[in-house]
Every structure is written in structure tokens, then in C-alpha cells.
Amino acid sequence: MTEPFALFAPVFEADTNTLRFGYEVPGFGRFEETVRFPEEARLTDIEPELREALAAIAAIVIGTSYYKAKPAGALRFGFALTEAAERVALLAYGPGLGEFYVRNGLDYPPALSLAADRAPARRGAPGEGRRAVTAFGGGKDSHVASDLVRRAGGEAERVSVILSEKVGDRLQTMSETDVILIRRTIDARLIEISKSGQALNGHIPITAINSALLGIYAAARGLDWVVFANERAASEPTMQSGGAAVNHQYSKSLEFEDALRAGFEAAGAGFSYFSVLRPVSELWTAHYLATRAEHALPIFASCNRNFVFAGDNALPEGRRWCGKCAKCVYTAVLLAPFLPVDRHAEIFQSRPLHDEANLDHLVEIAGLTGAKPWECVGETREVAAALAHLSAAPGWRDAPLIARVKDRLTERWDLSELQHTWGRSLDARSEHRMPEPVAEAAGA
């Protein structure tokens, strides 16, 4: 019988305001990760049973980083789980690791078994105020989310979970207000065996990890809302594999949001966990940024190379956009309908939609191939609708990439459908879990 992947009970160290998470991977032995919380959020201020229950959820999702070294199929928990937390585990280690399984040639969906004692569910009293923590990553979504909370009368603290001080410094340059940092220290041996090829590697449900840690932060601060900027498009699969949906952004999906929300509630948390962008389109978010949060245009960035600090992939000093990756092209398409060409070039520090080397990225994000890129990009229909609109827009219709893709859109899409999508793109109508004040601010 295959040895199970073991998750040990988290250990709280009051002196350092730290949680320690322990795991055992078959064939590789014991690993330990530490998460240090800032002085603003003293974990001693959380009632012990709640702290233990929230740490259990964090242990579940952080464990995906270690489980993928050698997936065992069986998980053994050294702490009790509520029924809701068990569902979080099944989703995190199932579709939450879907991209990892598929790209490593493993069976998907996986056969999973869990061994854990049952913990009773507790019910906290939801906060009635509007004090919030907002997840901050420096991109358009983070800025729009913070602004929506402000317009809803909320007081928002921007918090990021970082793996290095360089990342924290870079995030601060993308924000006009202070960013509070939670520091993860991954076991160095995991990094070593991953780089050496001894262990499997791949994408993990990082939003799940950040959500769990921001939930602990909120409990320590006595906050009312834990706010993420997960968009409607995050529920759209990246591809199909063997008849099963595989989603690069699964931990941003509404299904996982609901599961994690239920997990927090069963832990007895007194905060509401939700996404402010769930009901809206990506074009709605881009329009909001361009017209109502313009202050962020010179500092926001969605290019992942912002967080590469050495080697050929590091951006030159002073640049926030490479202009040559799928994320750059995607964000450029979304904002183009709402900005003049020259202003667009200033913001993106280049002309991504004039660079024919970006054609492959464009056809992928517009749904003209069999799958989306393995990136956090949105609904292919919306991208195609934006391109159809740009193909008739003065100043944009002659951009080389727009011209190249114009005729290809009809190979995949009905133009009347794209026109309908564009016409409805600024409406906020989809299902969401936002409190009423935030929903009103978003027009949902």
C-alpha cells in the first residue's frame, strides 16, 4: 500500500507571531513551512479554538505545495476537520491541482482518500461593520477591488503574502498606500528537490493559500470583510482533459470561493469572505480602471515578469510590462477600447497590439485555438468581443494584430454574438456573494 501524505497539526509560536506547518511526503520525509504575521495582526488576539480551526484550513491548502512533490492519492490528517474543511481539502487536492496533474501526465481527476477525525462545526457572528482586508497583487483587479470597497464606505487594509522581501518591495511600488506583508518561508529542501528534478513541480492553488492566510489576518484584526478580486472569468475552464474540466484559476472560481467561505463559517469566523469582481466582466473591470480609478494606471501591472529579479526574464529597471507575454497582451486588449492609442502605449511602455510577434498569444486568448494559455486570463468570448469592437474603432483598427485577427474571429465566433457580448459587457449581473453595500457600489 502506498504511504499517505501526512499533514501535522499547525504549531503556534506567540513570541514570533508565527504558525508552523508540518508535512511528510512519501519518499522524501518531513518538511516544515513557517508563516510570520505582521505586528498589526497579533495571533494571540484570536480565540484559541478559532485560531486552531483557521490554521487547519491554512494547513490544508499550504500542503498542496508539498503534496505535489510525490502525489500519494491518500492524505492523513493529524488534526480534526469539519465537514466543510474536508470539502476544501478534496477540492484543493483535486481540481485545485488539475493543471499540475495534466501537465505532469498524471491521472485526472485523481483518486483521493482522506483520513481525519471529524471536528464539530462552529458558527461565528458575522461582522456588521465595513472594515476590510483586501488582497493586493498590484494588478488592475487589486486596484479596482480596493476602490470599490472605498466607494462602499469600507476601510480597506491592503495585504500581500510574500515569499521574498524583493517581492514585497516591488508590490509597494504598485500601490499608492502601504501594503502590509505576511511572510511565507517554504522549506528550503522542497525548493532544492524541485530544482534538481527529484520531485514533481507545477501550479498550485495559490489563491486558496492567500485566502486562508488573509482570513487569519482578519480574525486577528477583528475585521468584517476578507475581500478578493476574483473575476467571473475565473470559473471558465482552461481546457478539457479526458472529459474533465481543467482550470488554471480554479482556486479563484465561484465553486471554490463557496467551499472556502463555508470552511471559514464552520470554523466560527466572524468575517465575510467574498470577491468584489465576481458579478462583473473583465471588460467592466478594465473600464472601471480607465475611467474611475485612473490614479492606478501609471503604477498597476499584471505582467508576471515584475516578480522575476534575475536572469533573462527580469524586466529592465523602470519597466512594469514586458509587452510580449500572454498576460501583457490580454490586459492590453481589455484596456484598448477605453484608451487612445498613444495613452495606451504610455501605460504599457510599448505597443503590444502592434507587435506581430504577439499573434500566437492573441489567438489563444480569443478562443481561436483548442485551449487558453496556462495563465490568469479571462473569458475567450469577452476577448473576442473586444477585438471585434477594436477592429472598427478609429486608431485601433489599423493596429497590426487587430487587423491580422479580424477575419479569423468569424472562424470561431458569430459576430452578432460578439456584438451582444460587447453590448452587455459593462453590466454587472452574474451571481456573487457580496454584502449589499459592496454590491451597490459595483452596480450588481
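# A tour from the cavity to the aromatic pairs

The largest share of the lining of the largest cavity, three residues, comes from α9, where helices (H or I, at least four residues) and strands (E, at least two) are DSSP runs numbered from the N terminus. Before you select anything, note that this is a predicted model, in which local features need pLDDT of at least 70 and side-chain atom pairs count only at pLDDT 80 or more, while totals for chains, interfaces and linings use all residues. Residues are numbered from 1 along each chain as its sequence is written, and side-chain values use heavy atoms, with hydrogens and water left out.

**Stop 1: the cavity.** Select Arg261, Phe264, Glu265, Ala269, Phe271, Ser272 and Tyr273, which line the largest cavity. Two elements, α9 (254–267) and β13 (272–275), each give two or more residues to this lining. By class, the lining residues divide into four nonpolar, one polar and two charged; here Ala, Val, Leu, Ile, Met, Phe, Trp, Tyr, Cys and Pro count as nonpolar, Asp, Glu, Lys and Arg as charged, and the others, Gly among them, as polar.

**Stop 2: Tyr273.** Now select Tyr273, which is found in strand β13 and is buried, with a relative accessible area of 2% (buried means under 20%, exposed over 50%, partly exposed in between, with a 1.4 Å probe and protein chains only). Leaving aside residues up to four places away in sequence, Tyr273 touches Ser211, Val226, Phe228, Asn230, Glu257, Leu260, Arg261 and Phe264, contact meaning heavy atoms within 4.5 Å.

**Stop 3: aromatic pairs.** A search of the whole structure finds 18 aromatic pairs, that is, rings of Phe, Tyr and Trp (its six-membered ring) with centres within 6.5 Å, where planes under 30 degrees apart count as stacked, over 60 as edge-to-face and the rest as tilted. Select Trp225 and Phe274, whose ring centres are 5.8 Å apart and whose planes stand at 75°, so the pair is edge-to-face. Trp225 lies in strand β10 (residues 225–228) and Phe274 in strand β13, so the pair ties together parts that are 49 residues apart in sequence. Both Trp225 and Phe274 are buried.

Trp321 and Phe348 are both buried.

**Last stop.** Select Phe5, Tyr23, Phe31, Tyr66, Tyr67 and Tyr93, which ring pairs link into a cluster.

Methods. 1 Å grid on protein atoms, 1.4 Å probe; cavity = no way out; pocket = protein on both sides within 12 Å on 5 of 7 lines; lining within 4 Å.
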